[in-house]
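Please open the model in your viewer and keep the sequence panel beside it. The stops below go from the whole chain to one core and then to one loop.

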Amino acid sequence: KPRIRACPLRLPSPPRPRATMSSAESIKTKLTEALDASDVTVIDTSAGCGSSFDVAIVSAQFDGKNLLARHRMVNDALKEEMKDIHALSIKKAITPAQQQAQQAPQ
């Protein structure tokens, strides 16, 4: 007679709790803290569902960095949040000196 081996019962894993959708305020706080930013503007462009944002950041940490490096710094700061964000548009990633130059009367 062939011997039947019992397989251990495998139940499906319970669903992992999904992170809550990001809010403009939580993204602003995260960027301010991670980049020691002096000015952060975050606009939710997704009509409130928390999946699309425009951001503008002023940080001394951007000094000496090219645009690509600055954008990487922003994306790294929002690494966890990016799992739920569909679109992030970095409108500005500038230093305080660049901000002052932009605001100076011409």
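Colour the chain by accessibility to begin: buried residues, meaning those under 20% relative accessible area with a 1.4 Å probe and protein chains only, make up 30% of the 106 residues in the chain. This is a predicted model, in which local features need pLDDT of at least 70 and side-chain atom pairs count only at pLDDT 80 or more, while totals for chains, interfaces and linings use all residues. Residues are numbered from 1 along each chain as its sequence is written, and side-chain values use heavy atoms, with hydrogens and water left out.

Now select I27, L31, V55, I57, V74 and L88, which touch the most other members of the 18-residue largest nonpolar core, a set of buried Ala, Val, Leu, Ile, Met, Phe, Trp, Tyr and Cys residues joined through side-chain atoms within 4.5 Å. At least two residues of this core come from each of α1 (24–35), β1 (37–44), β2 (52–59), α2 (67–77) and β3 (87–94). Centre on I57, whose contacts (heavy atoms within 4.5 Å) beyond four places in sequence include L31, F62, V74 and I94.

Finally, move to S46 in the loop between β1 and β2, which counts as buried because its relative accessibility is 13%. Its side chain makes a polar contact of 2.4 Å with that of D44, such a contact being a pair of N or O atoms within 3.5 Å, one able to donate a hydrogen and the other to accept it within protein, where residues adjacent in sequence count only if both atoms are side-chain atoms. A polar atom of the S46 side chain also lies 3.2 Å from the backbone nitrogen of S51.

Terms used
Buried means under 20% relative accessible area, exposed over 50%, partly exposed in between (1.4 Å probe, protein chains only). Helices (H or I, at least four residues) and strands (E, at least two) are DSSP runs, numbered from the N terminus.
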